[in-house]
Each structure stands twice: as C-alpha cells, then as structure tokens.
Amino acid sequence: MARPFEHTKPSLRTWGHGRAQVLILPGAGQGPGCWESVGSALAGQGVPAACLEYPGHGQAPWQLPPSTGLHDYKLLAARATAGLGRPILVGHDLGGWLAQRILGLADLPALLLAPWPGQGPGLLFASPVLGWDLLWGRPRAQGLVAEPLRLRWQAALAWSKPVPP
C-alpha cells in the first residue's frame, strides 16, 4: 500500500536566486509564512533559502489519511533535502526532529531550534504539559491544528517508525 506522501513532490517556498543553500524545516502546524522574515533576510545577504511546506500544516488543510505518521514526514523532508544537494538544515520543533532523522542518514550542517526529543521517552516525559496536551489534541498556540491521534501518540512517545494500521 502506498504511503501518504510517497508520490508527493516536496513543496518549497523559496527566497533568493539559485539552488537553496539553507533548508528550513518548520515546526508542527507552521508553514513557510512563519519563516518569511528569516528567508528574506538570508536572501538579502545573498544566501538562497527554501522552506518545506508540510501537507496539512500552515495554510494547507488537513486532507490526509489517518495512517499518516511521522515516518511519512521524515521521508518527505529527506526527499526535499536530497533535491537541494547539501543544504544547511534549520529545524524547529517537528522540523528539528526531522533534521535529526536526516542527519542520521547524511552528514550535513544543521541548526536545531527547540527540536522534539531525538530519542528517549518522547515529549510526554521530556515536557509533560506539552506531551499531554499533544496527546489530547489541545494545540499550545492559537491557530495550530491538532494532529490526528496516531501522529500525536508517535510524537509523545518518540515512535519514529511507521506503526502498522
């Protein structure tokens, strides 16, 4: 059975001209709009940048199957990274977790800003309030989407492999 993003081309918001030297992996619920000032500043300094737009996050409506999991986002981010050659990864929150997974596959420069825990007990134990709110679908900030239950459990318990349906 095909995975949710298996045939999805990574959607990138770009700033500047030429191949992006920096790939921004935003946090959960964020889209490229949250990184507009950073991307513009980088481009203004002559450093082309791109930001990955996750399906179902930011301005994109959640129209994904319930089987969508963190592994699917990891594969999408890895394809976006490979398409840019050897970019500097800038990952925040979910994007920081994705960058950690990519760094396990490729030796790239990276900046992680408040990433999800890379291993261990997951958000439920690393940040109990955030972990429980995540599990129960209560976004921590106005305008963030509540992820489907399967994705919330994966993040809270640090599951990175696909869970059989």
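Predicted model: local features only at pLDDT ≥ 70, side-chain atom pairs only at ≥ 80, totals over all residues.
**Helix packing**

Helix α2 covers residues 70–83 and helix α3 covers residues 94–103; their axes lie 9 Å apart and meet at an angle of about 70°. Angles of 65 to 115 degrees count as roughly perpendicular, and α2 and α3 are therefore roughly perpendicular to each other. The crossing of α2 over α3 is right-handed. The residues that form the contact are listed by helix below.

| Helix | Residues in the contact |
|---|---|
| α2 | L70, Y73, K74, A77, A78 and T81 |
| α3 | L94, W97, L98, R101 and I102 |

By class, the residues of this contact comprise eight nonpolar, one polar and two charged.

**Residue T81**

T81 belongs to helix α2. Its relative accessibility is 4%, and because buried means under 20%, T81 counts as buried. Apart from residues up to four places away in sequence, T81 touches L23, P87, L89, I102 and L108.

**Nonpolar cores**

The largest nonpolar core contains 21 residues, and L23, L25, Y54, L89 and L98 have the most contacts inside it. At least two residues of this core come from each of β2 (22–25), β3 (49–53), α2 and α3. A second, separate core has seven residues, among them W15, I24, C51 and V90.

Beyond its neighbours within four places in sequence, L23 is in contact with L12, A50, L52, A80, T81, L84, P87, I88, L89 and V90. L98, listed among the residues with the most contacts inside the largest core, is also one of the α3 residues in the contact with α2.

How values were computed. Residues numbered from 1 in each chain as written. Heavy atoms only, no water. Axes fitted to C-alpha atoms, helices over the stretch in contact; angles between N-to-C directions. Helix = DSSP H or I, 4+ residues; strand = E, 2+ residues; numbered from the N terminus. Parallel < 35°, antiparallel > 145°, perpendicular 65-115°, else oblique. Left-handed = near helix turned anticlockwise from the far one by under 90°. Contact = heavy atoms within 4.5 Å. Nonpolar A, V, L, I, M, F, W, Y, C, P; charged D, E, K, R; others polar. Core = buried A, V, L, I, M, F, W, Y, C linked by side-chain atoms within 4.5 Å. Buried < 20%, exposed > 50% of the residue type's maximum accessible area, 1.4 Å probe, protein only.
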